[in-house]
Structure formats: C-alpha cells, structure tokens
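Me: I have a structure open and want to go through a few parts of it. Can you take my questions as they come?

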Amino acid sequence: MGKIDITKQADLAGSYDAVVCGGGPAGFIAAIAAARSGARTALIDRYGFLGGMATAGIVAPLSVFTYNGEKVIGGIPWEFCERLRDMGGALIEEPLGNVAFEPELYKLCCQRMALEAGVDLYLHSYLSGCKVSGGRIDAAFIENKNGTEAIEGRIFIDCTGDADLAFAAGVPMQGDEGRPLQPLSTYFILSGVDTSTPRMRQAMHHNRQGVNCQCEEIRAELLARREEWGVPEFGGPWFCTTLQPGVVTVNMTRTAADATSNRDYTRAECELREQVFTMAKALKEHFPEFRDSFVSAVAVQAGIRETRRIAGAHTITGEEYVSAFRYPDSISRGAHPIDIHVAGGPAQNVTFLKTPAYVPYRALYAPGFPNLLVAGRCISADKTAFASLRVQASCMGTGQAAGVAASLALAGGDVSGIDTGKLQDKLRNLGTVI
C-alpha cells in the first residue's frame with residue numbers, strides 16, 4: 001500500500017501537570033488520585049462516558065477486592081465501590097469482594113468522582129499520537145469534533161489498555177512468549193430471565209473463593225449438544241446480576257483476534273455480534289430460565305483480554321506472582337486467579353492463588369521515558385502474571401499508584417527518580433494495601 005503525506009497543525013487545548021489517557025478502571029482512578037494529590041489533571045477518553053471495559057464492555061463483576069478474608073485492593077477503588085453501592089448501583093459479594101454493578105450508575109459514579117476531584121474531562125476524544133523529544137512526551141494528540149488538538153503535560157499516564165500512548169512514543173513492548181493472545185469476548189445483557197431458580201441464583205453471584213463461577217450445568221449441556229444446536233466456540237458461560245430483577249450480563253462469546261489491528265478487530269467485532277444472538281437463541285430455546293429472555297443490550301465494544309504490555313524497568317514474572325514475592329517498591333496487589341483463556345476452543349486454564357500477589361512500582365514505567373507511567377493492562381508483566389493482573393480491581397490498584405506517583409514526579413520530572421518510600425506512605429494513607 002502507498003503512503004499519503006499529511007501536514008496539519010493542532011490547536012493547544014490545555015496544559016496540565018498530569019494527563020491520563022484512557023478513562024477505564026485504571027484511568028479514572030489514576031486521574032482522581034492525581035488530582036486529589038494536587039496535580040492539575042486531564043483525562044482523555046474516546047467515549048462520552050467513563051468506565052471503559054466495565055461500562056463500554058459490560059465486563060462484570062469487578063474482581064477481586066478481598067481474599068482470604070482480607071482486603072487486597074483498597075483506597076480510592078474501594079471508595080468508588082462503596083459509593084456506587086450507596087447509589088444503588090453495586091452489590092459487594094462476600095467473601096471475595098467481587099462487585100456486581102449496574103452499568104449506567106457506574107458511569108455516573110465515576111464521572112461524579114472525577115469532576116469532584118477537579119479533573120478536566122476530554123470525552124469523545126480519540127488519542128491519535130504524541131510529540132516526543134528525547135524520550136519525553138511533550139503533548140498528546142487527540143481527534144474530536146474540534147479537529148486535531150494537543151494536550152501538553154508534565155507527566156503522562158497511559159491507561160488505554162492497549163498501551164496506545166506508550167506505543168506511539170516508542171516504548172519497547174513485551175514479546176508474545178510463543179503463545180497467541182487470549183481471545184476477545186463481547187458481553188451482552190439478557191432481560192426477561194427467571195433469576196429465581198437455584199441454578200441462576202448460584203450462577204449470577206460470584207462469591208465462592210477458589211471456584212470458577214461459570215454455570216457448569218449449562219456449560220455441560222451446551223458442549224454436549226453444540227453441533228446439534230449450532231453453537232459456536234464459547235467460554236463459560238458466566239452470568240452476573242445487574243441488580244435489576246430478571247436481568248443478567250452474559251459472558252460466553254469468544255474469538256481469537258489482535259485488537260491492535262484495525263482489520264482483525266473489525267472482523268472480530270462482526271463475528272462476535274453474530275455470536276451474541278446465536279447464543280441468546282440457544283439459551284432461550286433450550287434452558288427454562290431463559291424461555292422469556294431477550295437481548296436488551298450488547299457491549300459497545302468487544303472485551304479485550306490481552307494486547308500490548310510495556311517492557312518496563314521490571315517485568316513481573318509468573319514465578320514471582322504465584323509465590324507472592326514482596327518487592328521493596330510494592331505499590332499494589334492482585335488476587336484474581338491466573339486465568340488464561342485459550343485462543344481456539346472452549347478451554348480455560350485457571351490457577352488459584354494461595355496468597356495475594358504484589359506489584360512493584362518499576363512495572364509502571366520503562367527506562368528512557370522519564371515522564372510516562374502506565375497502569376492497568378499496559379503494565380510490565382509476563383503472560384502468566386498478566387493473566388491475573390488484567391482484571392479490573394487490579395487495574396484500579398495500579399491506576400491509583402500511578403496517579404499518586406505522577407504527583408510526586410512533578411518536582412524532579414522523572415518518574416523513575418521518585419522516593420518510593422514516600423509513594424508507599426501516601427498510598428497507605430489512602431487505604432491501599434501494599
């Protein structure tokens with residue numbers, strides 16, 4: 001294919017201490033943490049609402065906040081969960097602290113918290129690149145109805161999930177380790193479900209530690225009758241309450257794809273949308289709880305389990321993660337099982353942790369890029385550790401650490417030069433478990 005040269009100027013939309021790219025679970029928490037720590041903060045997201053995979057992807061529940069009877073992720077993320085619960089938008093399931101939620105109230109709650117903290121929101125804005133000088137990012141470029149705009153920042157935090165800002169800046173990425181990416185899944189919501197049966201009451205509440213909460217009875221019958229019923233490859237199924245009577249989220253579609261490739265991602269989205277209605281039809285026709293059900297919502301985008309991860313100052317290994325190695329610069333934790341969905345077929349490899357794992361600050365930045373932090377799915381971890389850390393509670397934890405670290409890095413201008421002991425103290429004061 002040929003190339004077309006483009007030359008244009010970008011209007012300067014604003015200059016900030018901290019610029020957070022991506023408003024998902026990691027991003028909106030990072031922005032709140034940075035703003036509350038005294039940094040003038042901007043938050044960029046391509047949608048007209050915050051929440052990312054939780055709201056655009058309807059990925060539920062948020063997991064895992066509690067393990068072995070002890071809090072694992074605290075501070076602003078837990079404050080958010082409690083506030084959402086008090087709004088009538090969350091059910092905190094014990095003993096794991098998994099959080100089922102109502103997506104529309106989730107959007108409202110994180111919006112309120114970000115605006116109350118003084119965060120400037122740039123919604124409906126697609127990150128399209130950045131200006132880099134000697135490894136330092138000077139500005140992020142966004143596209144919106146105003147045209148191309150630039151947002152200057154002293155510290156940038158990449159919470160895009162796909163490491164889009166870091167990739168544009170030239171940060172080295174992790175290799176594939178010889179294994180394909182985990183598959184995509186498009187969540188959907190079914191209404192008209194009989195949620196009163198014992199099978200559904202158990203399936204839609206994720207409150208059993210050490211148990212894969214997929215609906216085993218329905219899974220077994222779908223696998224046995226898959227060819228007869230015309231059911232494509234699927235995972236789970238996992239159902240989750242939305243707190244509304246007769247309404248559940250459904251996680252069962254899947255296809256292998258690289259979500260950083262526009263053509264592959266487009267193909268996958270089309271395939272998954274077909275799967276949604278095929279799966280909904282199979283449930284409706286063959287399982288009594290779904291006899292009167294109908295698709296009332298489909299996720300705005302497919303749920304992405306795995307794409308790019310930076311090659312950071314330290315890469316968290318599976319061995320470190322499973323052994324709960326405690327780093328001197330630990331800034332967050334993780335307790336979700338190591339959950340590797342196989343790219344082809346219905347298989348899923350799950351390893352439950354004995355003890356919650358730790359995340360070092362050095363996994364949040366890359367050498368040679370002094371004013372860039374990452375949080376959420378972008379962090380520096382191998383495939384095994386990442387298969388646990390990719391979930392939303394863990395992403396919120398690293399987002400919180402990145403936001404506080406950004407405020408500390410303002411003085412010296414280098415994220416690698418901050419006093420990690422001071423960072424840990426500030427995180428503990430917020431209620432972080434490290």
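Predicted model: local features only at pLDDT ≥ 70, side-chain atom pairs only at ≥ 80, totals over all residues.

Me: Start with helix 1 and helix 2. At what angle do they pack?

Reply: Helix 1 (residues 25-36) and helix 2 (residues 76-86) pack at about 110°, and their axes are 10 Å apart. An angle of 65 to 115 degrees counts as roughly perpendicular, so helix 1 is roughly perpendicular to helix 2.

Me: Is that crossing left-handed or right-handed?

Reply: Right-handed, where helix 1 passes helix 2.

Me: Which residues meet there, between helix 1 and helix 2?

Reply: Helix 1 brings Phe28, Ile29, Ile32, Ala33 and Arg36, and helix 2 brings Ile76, Pro77, Glu79 and Phe80.

Me: And helix 3, how do the axes of helix 1 and helix 3 cross?

Reply: They come within 9 Å and cross at roughly 25°, helix 3 being residues 103-116. Angles under 35 degrees count as roughly parallel, and therefore helix 1 and helix 3 are roughly parallel to each other. Helix 1 passes helix 3 in a left-handed crossing. On the helix 1 side the contact uses Pro25, Phe28, Ile32 and Arg36; on the helix 3 side, Tyr106, Cys110, Met113 and Ala114.

Me: Why would residues three or four places apart point the same way?

Reply: Because an α-helix has 3.6 residues a turn.

Me: Different topic. Where does Thr260 lie?

Reply: In the loop between strand 13 (248-251) and helix 8 (262-286).

Me: Buried, exposed or partly exposed, and why?

Reply: Thr260 counts as partly exposed because its relative accessibility is 31%, and that class lies between the 20% and 50% cut-offs.

Me: What does Thr260 touch?

Reply: Leaving out residues up to four places away in sequence, Thr260 touches Asp162, Thr307 and Arg308. Thr260 and Asp162 are 98 residues apart in sequence, with their C-alpha atoms 7.2 Å apart. There is also a polar contact of 2.6 Å between the side chains of Thr260 and Asp258.

Me: Now Ser388. Which helix is that in?

Reply: Ser388 is in helix 10 (residues 383-389). Its relative accessibility is 0%, so Ser388 counts as buried.

Me: Which side chain does the Ser388 side chain make a polar contact with?

Reply: That of Tyr321, at 2.7 Å. Apart from neighbours within four places in sequence, Ser388 is in contact with Tyr321, His336, Pro337, Ile338 and Ser394.

Me: Last one, helix 11. How many of its residues are buried?

Reply: 18 of its 18 residues, so helix 11 is mostly covered. Helix 11 (residues 392-409) reaches 25 Å from its first C-alpha to its last, close to the 26 Å expected.

How values were computed
Residues numbered from 1 in each chain as written. Heavy atoms only, no water. Helix = DSSP H or I, 4+ residues; strand = E, 2+ residues; numbered from the N terminus. Expected span 1.5 Å × (residues − 1). Buried < 20%, exposed > 50% of the residue type's maximum accessible area, 1.4 Å probe, protein only. Contact = heavy atoms within 4.5 Å. Polar contact = N/O pair within 3.5 Å; in protein donor to acceptor, adjacent residues only side chain to side chain. Axes fitted to C-alpha atoms, helices over the stretch in contact; angles between N-to-C directions. Parallel < 35°, antiparallel > 145°, perpendicular 65-115°, else oblique. Left-handed = near helix turned anticlockwise from the far one by under 90°.
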